[in-house]
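This briefing covers one protein chain, shown below. Please read it with the structure open.

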Amino acid sequence: MLPDHAKIMALLEDTKEVIGRKKLQKIVYIGKKLNLPFQEKYTFRMYGPYSEELTLRLEELCGLGLITECKETKSGYYQYRYELSEDGTSFLEKFPLDWPAERAKPVLQSLNSQSARFLELVSTMLYFDHLSKEAVEARVAELKKSQNYRPEEFEEGWEYIESLQNQ
């Protein structure tokens with residue numbers, strides 16, 4: 001078992017569960033941008049930052065029985081619920097992991113309490129954080145036309161990012 005797999009397990013231990021693949025992708029990406037010790041590489045895709053490495057790690061962890069992935073039908077589409085399994089909990093108790101639990105847990109729980117749509121906005125804003133605030137908003141509005149983000153949602157996103165950075 002590699003330490004990067006165990007960090008995903010620690011995330012699930014801290015959040016209890018994450019509902020949605022997209023949401024889990026965004027939580028890990030935003031956590032990484034906040035200097036939590038995630039190592040996954042991200043590229044920009046249709047729904048914002050995406051990591052193939054994270055997808056593969058999740059598949060491996062499911063295959064080993066260390067996390068559970070439950071496919072649920074909701075309003076005509078499927079969503080996935082991720083939880084740490086009992087075997088995963090036992091494993092983490094025995095595995096020496098360099099994980100900043102005191103700092104990570106409140107951040108991850110806060111992220112998990114947000115909607116996937118809002119996390120998509122925040123993660124996309126952070127993806128372009130090398131640009132000015134105005135340029136970020138213009139880029140996000142251009143790339144995410146179908147989401148139709150309103151100016152007040154951008155402001156809420158900036159405020160949320162700042163609150164996370166101050167935790």
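The model is predicted, not experimental. Helices H2 and H6 approach each other within 9 Å, and the largest nonpolar core holds 46 residues.

**Packing of H2 against H6**

- Helix H2 spans residues 21-33 and helix H6 spans residues 116-127; their axes cross at roughly 35 degrees.
- The crossing of H2 and H6 is left-handed.
- On the H2 side, the contact is made by Lys 22, Lys 23, Lys 26, Ile 27, Tyr 29, Ile 30 and Lys 33.
- On the H6 side, the partners are Ala 116, Leu 119, Glu 120, Val 122, Ser 123, Leu 126 and Tyr 127.
- Sorted by class, this contact between H2 and H6 comprises eight nonpolar residues, five charged residues and one polar residue.

**Nonpolar core**

- Within the core of 46 residues, those with the most contacts are Leu 11, Val 28, Ile 30, Ile 67, Leu 108, Leu 111 and Met 125.
- Two or more residues of this core come from each of the helices H1 (3-15), H2, H3 (52-63), H5 (101-112), H6, H7 (133-143) and H8 (151-165), and from strand E5 (77-84).
- In soluble globular proteins, nonpolar side chains tend to be buried together.
- Ile 30 belongs to this core and also takes part in the contact of H2 with H6.
- Apart from neighbours within four places in sequence, Ile 30 is in contact with Leu 111, Leu 119, Val 122, Ser 123, Leu 126 and Leu 164.

**Glu 120, a buried charged residue**

- Glu 120 is part of helix H6.
- Glu 120 counts as buried because its relative accessibility is 2%, where the limit is under 20%.
- The side chain of Glu 120 makes a polar contact with the side chain of Lys 22 at 2.8 Å.
- A polar contact at 3.0 Å joins the side chain of Glu 120 to the side chain of Gln 147.
- Leaving out neighbours within four places in sequence, Glu 120 is in contact with Lys 22, Lys 26, Met 46, Tyr 47, Lys 144, Gln 147 and Tyr 149.

**Positive phi in loops**

- Most residues other than glycine have a negative phi.
- Asn 35 has a phi near 70 degrees, which is positive in a residue other than glycine.
- Asn 35 sits in the loop between H2 and strand E2 (43-45).
- With a relative accessibility of 64%, Asn 35 counts as exposed.
- Ser 75 also has a positive phi, near 50 degrees, and is likewise a residue other than glycine.
- The loop that holds Ser 75 lies between strand E4 (67-74) and E5.
- Ser 75 counts as exposed because its relative accessibility is 71%, where the limit is over 50%.

**Gln 79 in strand E5**

- Gln 79 is located in strand E5.
- At 15% relative accessibility, Gln 79 counts as buried.
- Not counting residues up to four places away in sequence, Gln 79 touches Ile 19, Cys 70, Lys 71, Glu 72 and Lys 74.

- Asp 129 is placed in the loop between H6 and H7.
- The relative accessible area of Asp 129 is 42%, so this residue is partly exposed.
- Asp 129 and Lys 33 are 96 residues apart along the chain, and their C-alpha atoms are separated by 9.8 Å.
- Lys 33 is also one of the H2 residues that meet H6.

Notes. Residues numbered from 1 in each chain as written. Predicted model: local features only at pLDDT ≥ 70, side-chain atom pairs only at ≥ 80, totals over all residues. Heavy atoms only, no water. Axes fitted to C-alpha atoms, helices over the stretch in contact; angles between N-to-C directions. Helix = DSSP H or I, 4+ residues; strand = E, 2+ residues; numbered from the N terminus. Left-handed = near helix turned anticlockwise from the far one by under 90°. Contact = heavy atoms within 4.5 Å. Nonpolar A, V, L, I, M, F, W, Y, C, P; charged D, E, K, R; others polar. Core = buried A, V, L, I, M, F, W, Y, C linked by side-chain atoms within 4.5 Å. Buried < 20%, exposed > 50% of the residue type's maximum accessible area, 1.4 Å probe, protein only. Polar contact = N/O pair within 3.5 Å; in protein donor to acceptor, adjacent residues only side chain to side chain.
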